[in-house]
Protein chains: 2
Amino acid sequence: MRTVDPAKHAAKRRAIVDAAAGCFAEKGFERTTTADICRAAGISSGSLFHYFPSKRAVFTAIFTDDAAETAERLEAAAKADDPLAALLDVVAELAGQIAQPGVVRIVLEAAAQAARDDEFAQLVHRNDSALRDGLAVLLGRAVDAGLIDPGVEPRAAAGWVAGLIDAMISRASLDPGLDLPAEQAILRTILIRFLRPVSPPSGG
Amino acid sequence: MRTVDPAKHAAKRRAIVDAAAGCFAEKGFERTTTADICRAAGISSGSLFHYFPSKRAVFTAIFTDDAAETAERLEAAAKADDPLAALLDVVAELAGQIAQPGVVRIVLEAAAQAARDDEFAQLVHRNDSALRDGLAVLLGRAVDAGLIDPGVEPRAAAGWVAGLIDAMISRASLDPGLDLPAEQAILRTILIRFLRPVSPPSGG
DNA sequence: GTCTATATCTAGATAGAC
DNA sequence: GTCTATCTAGATATAGAC
């Protein structure tokens, strides 16, 4: 029998990460103090540094956790029968995350931090690459199935599909009163018009 | 005769802003110290605070200056004969700015700062609104001229045109080796396919 | 594992001479 | 208008008791 319970340790670690994510979303990385995190998590400074070696380690933990979730989504999508429908669903799901409070702000914060911290930039880059790979697979299958314009190069197009999700985040950050369902509809229209075959085989 | 030369004062102020912009792009707002700015501008702390009341005032000055430039661009575009061509040109120009070193980073920094500073957020919001207004005018004229799908609502579409520029910025930040001309071409394709009339009058 | 207390450092802004 | 010198506050991370 061990004196430490790994599950309990993981749960507490997660609770700290969640509390910290709220702080970082509200105030950004630098202006969030470790005292803020401790207050939000209901622990002391000593405890915080027992679980994490530094403030930055708490920040990066948010995004390693998130990467796993997105990977699951893409795996599920890869198994779908209709690759184009699966792609549109994944985009809607990811873009829909901005409805959660704090998500937009922490994504903006991550982008800014990645611009000046090489190690964190690599993490963000890996996450983005995984997303693009997953989207490219769906686009490739959609081309093969004749569902989309064969002229679109899957890898490059995947970058722009990801970019459109970022565009939604950007819009949301600039317009707090954004009508999310309406914007989702436009996003879907842009994607469909971008990807659909230019001259359908049946001539129309 | 006055002892101060307003032109000289403005020039020095501008030099400080330019030097500071480089610092902010490299390290972000919080991690840039006033000492960094002084070193970059070749002045002392005392001088810096003679020209600006605070570090934040230096930061905001960057974006009030930029707003004027974009307004000029939109004014020129409004006078063009072909509103759709003018729109595509403006987008290409704005998206092309990311080729300048530091532009991507300072835009990301601005987005992050706007998320946590209400006063600065209002400035960013005003700039974005002016851009969207200008784009919406061009889109409205393009609809009237039968150049684009009358089903696209100018104001909402303008938001997505601006969003696509942000998408380019996002892509550039994630992929430093981005092939800018190639991406510009895809951006143009997405816009044209999004906007073009669904069923051309001449039936094809 | 959790706490209190604090060492140590750094940064924004100011004072006041020239 | 520009400088040097410095005040003051607040932050990360650690020490060490329980």
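Reader: Which residues of chain A does UniProt list for "domain: HTH tetR-type"?

Author: This is a predicted model, in which local features need pLDDT of at least 70, side-chain atom pairs count only at pLDDT 80 or more, and totals for chains, interfaces and linings use all residues. Residues are numbered from 1 along each chain as its sequence is written, chains are lettered from A and ligands numbered from 1 in the order in which they are written, and side-chain values use heavy atoms, with hydrogens and water left out. UniProt positions are given in this numbering, with shortened feature names, and annotations may be inferred rather than shown by experiment. In an unreviewed entry, UniProt lists for this domain residues 10-70 of chain A.

Reader: How many residues of chain A are in contact with chain B?

Author: Contact is taken here as heavy atoms within 4.5 Å. By that rule, chain B contributes 42 residues, and the number in chain A is 42.

Reader: What area do chain A and chain B bury between them?

Author: Buried area is the accessible area (1.4 Å probe) that two parts lose on being put together, summed over both. Of this area, 58% is on carbon and sulfur atoms, and the whole comes to about 3,800 Å². In chain A, 22% of what that side buries comes together from the residues that lose the most area to chain B, namely A:Trp160, A:Arg171 and A:Arg193. The value asked for, then, is about 3,800 Å².

Reader: Which residue of chain B forms a salt bridge with A:Arg116?

Author: A salt bridge is a side-chain nitrogen of Lys or Arg within 4 Å of a carboxyl oxygen of Asp or Glu, and the rule finds eight of them across the interface of chain A and chain B. For A:Arg116, the closest N and O atoms are 2.0 Å apart, and the partner is B:Glu109.

Reader: By what turn can chain A be laid on chain B?

Author: The copies are superposed by least squares on the C-alpha atoms of residues with pLDDT of at least 70 in both. The RMSD is 0.0 Å and the shift along the axis is 0.0 Å, with a turn of 180°. The two copies are therefore related as by a two-fold rotation axis, and the turn asked for is 180°.

Reader: Which residue of chain A comes closest to the rotation axis?

Author: The copies meet through the same surface, because 100% of the interface residues of chain A are also interface residues in chain B. At 2.6 Å from the axis, judged by its C-alpha, the residue of chain A that comes closest is A:Ala167.
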